Amino acid sequence: MNLFFFFSLLFSSFFNLSVARGGSPSSINASGVVNGSFAASGRHLFADMKVSLAEQLQLKRLEELAKDYMSNSDLENALMSLNSRCSGISRVYSIGKSVHGVPLWVMEISDKPGKEEAEPAFKYIGNVHGDEPVGRELLILLANWLCDNYMKDPLATLIVDNVHLHILPSMNPDGFSLRRRGNANNIDLNRDFPDQFFHMNDDPGAHQPETKAIMRWLEEIRFTASASLHGGALVANYPWDGTENKKNIIMAVQMMKHSNTWLASTVVPIITCL
Ligand SMILES: [Zn+2]
């Protein structure tokens with residue numbers, strides 16, 4: 001399957017879901033995903049729409065999910081509930097624990113969860129920085145959308161049947177509950193991985209438990225492609241785009257949203273919070 005095609009499909013749905021949060025929908029598409037703009041508070045999210053009972057229940061569930069950020073136990077409950085509701089296409093497993101012992105739950109979504117197939121495996125990680133929680137919410141919404149629309153919506157069915165998604169909504173549950181960027185040891189997990197330029201990170205024993213869990217995970221599963229979701233800037237970073245001499249300057253492709261079109265500018269050095 002063409003990977004670019006997959007990403008285009010997946011993220012077009014993904015952004016639809018994000019638009020649905022807190023917006024006042026102008027329409028609802030065939031898959032039950034709300035299209036609309038951010039025009040009103042979440043309280044009026046699904047008002048004045050003619051939808052079926054099944055769609056109303058689905059929208060109600062999404063509205064509940066969108067009320068505020070889930071706590072770590074809410075997140076765990078949401079994953080377990082989703083897994084029992086869609087057990088035919090999902091599997092929940094933990095890749096380790098945070099410093100404070102919170103399991104790092106992963107949801108696998110596929111038509112054959114837990115089995116190796118000759119299909120691409122995609123890894124998504126949210127909440128690397130504890131104070132950037134939007135990604136964890138979006139990833140739960142993505143999992144819900146796939147669960148609710150498998151065998152109903154062609155795109156959801158295409159994704160579930162042809163790829164394996166592994167979704168880690170929160171890499172940093174301790175940082176989230178502490179409302180800070182770093183983990184419980186106040187280490188920036190996004191700077192804790194081995195790096196071609198920073199050999200201080202080469203000591204395998206020095207990494208944080210969350211980082212070690214991710215590194216073990218990468219050895220166990222040969223992911224075809226991956227993405228981690230951060231917050232605070234419209235920036236896309238790519239592998240190997242670090243620089244040797246200035247740790248905080250990263251060569252990145254700056255993404256600009258203009259007239260509802262994502263445009264990639266020329267490669268420019270920018271200061272990023274990622
Ligand atoms: Zn970040």
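Where does Asn-127 lie? Asn-127 is found in the loop between β5 and α4, where helices (H or I, at least four residues) and strands (E, at least two) are DSSP runs numbered from the N terminus. The model is predicted: local features need pLDDT of at least 70, side-chain atom pairs count only at pLDDT 80 or more, and totals for chains, interfaces and linings use all residues. Residues are numbered from 1 along each chain as its sequence is written.

## Overall composition

The protein contains seven helices and 10 strands. Of its 274 residues, 31% count as buried. A residue is termed buried if 20 or more other C-beta atoms lie within 10 Å of its own, exposed if 12 or fewer, and partly exposed in between, with C-beta atoms placed from the backbone. Among contacts in the protein with a separation of 6 or more, 58% join residues 24 or more positions apart; two residues are in contact if their C-beta atoms, placed from the backbone, lie within 7 Å.

## Packing of helix α4

Helix α4 (residues 134–149) and helix α3 (residues 72–85) have axes that come within 10 Å and cross at roughly 15°. α3 is therefore roughly parallel to α4. Axes here are lines fitted to C-alpha atoms, for helices over the stretch in contact, and angles run from 0 to 180 degrees between N-to-C directions. Angles under 35 degrees count as roughly parallel, over 145 as roughly antiparallel, 65 to 115 as roughly perpendicular and the rest as oblique. The α3 and α4 crossing is left-handed, that is, the near helix is turned anticlockwise from the far one by less than a right angle.

On the α3 side, the contact involves Leu-75, Ala-78, Leu-82 and Arg-85, which meet Arg-136, Ile-140, Ala-143, Asn-144 and Cys-147 of α4. By class, the contact of α3 with α4 comprises six nonpolar, one polar and two charged residues. In this classification Ala, Val, Leu, Ile, Met, Phe, Trp, Tyr, Cys and Pro count as nonpolar, Asp, Glu, Lys and Arg as charged, and the others, Gly among them, as polar.

α4 also packs with α5, at an angle of about 100° and with the axes 8 Å apart. α4 is therefore roughly perpendicular to α5. Here Trp-145, Leu-146 and Asn-149 in α4 meet Ala-156, Ile-159 and Val-160 in α5. The residues of the α4 and α5 contact divide into five nonpolar, one polar and no charged.

## The nonpolar core

In soluble globular proteins, nonpolar side chains tend to be buried together. In this model the largest nonpolar core has 36 residues, and those with the most contacts inside it are Met-107, Ile-109, Ala-143, Leu-146 and Ile-167. Such a core is a set of buried Ala, Val, Leu, Ile, Met, Phe, Trp, Tyr and Cys residues joined through C-beta atoms within 7 Å. Two or more residues of this core come from each of α3, β4 (103–109), β5 (121–126), α4, α5 (154–162), β6 (164–168) and α7 (209–220). The largest share, eight residues, is given by α4.

Beyond its neighbours within four places in sequence, Met-107 contacts Leu-79, Leu-82, Asn-83, Ser-90, Val-92, Ala-143 and Ile-167. His-166 is buried, with 22 other C-beta atoms within 10 Å.

The following table gives C-alpha separations.

| Pair | Separation in sequence | C-alpha distance |
|---|---|---|
| Asn-201 and Arg-191 | 10 residues | 8.4 Å |
| His-166 and Ile-125 | 41 residues | 8.6 Å |
| Cys-86 and Leu-146 | 60 residues | 9.4 Å |

## Loop residues

Cys-86 is placed in the loop between α3 and β3 (90–97) and is partly exposed, with 19 other C-beta atoms within 10 Å. Asn-201 belongs to the loop between α6 (173–178) and α7. Asn-201 is likewise partly exposed, with 16 other C-beta atoms within 10 Å, and touches Asp-192, Phe-193, Pro-194 and Asp-195, residues up to four places away in sequence not being counted.

Most residues other than glycine have a negative phi. Asn-127 has a positive phi, near 60°, and is buried, with 29 other C-beta atoms within 10 Å. Arg-179, in the loop between α6 and α7, also has a positive phi near 60°. Arg-179 counts as exposed because it has 9 C-beta neighbours inside 10 Å.
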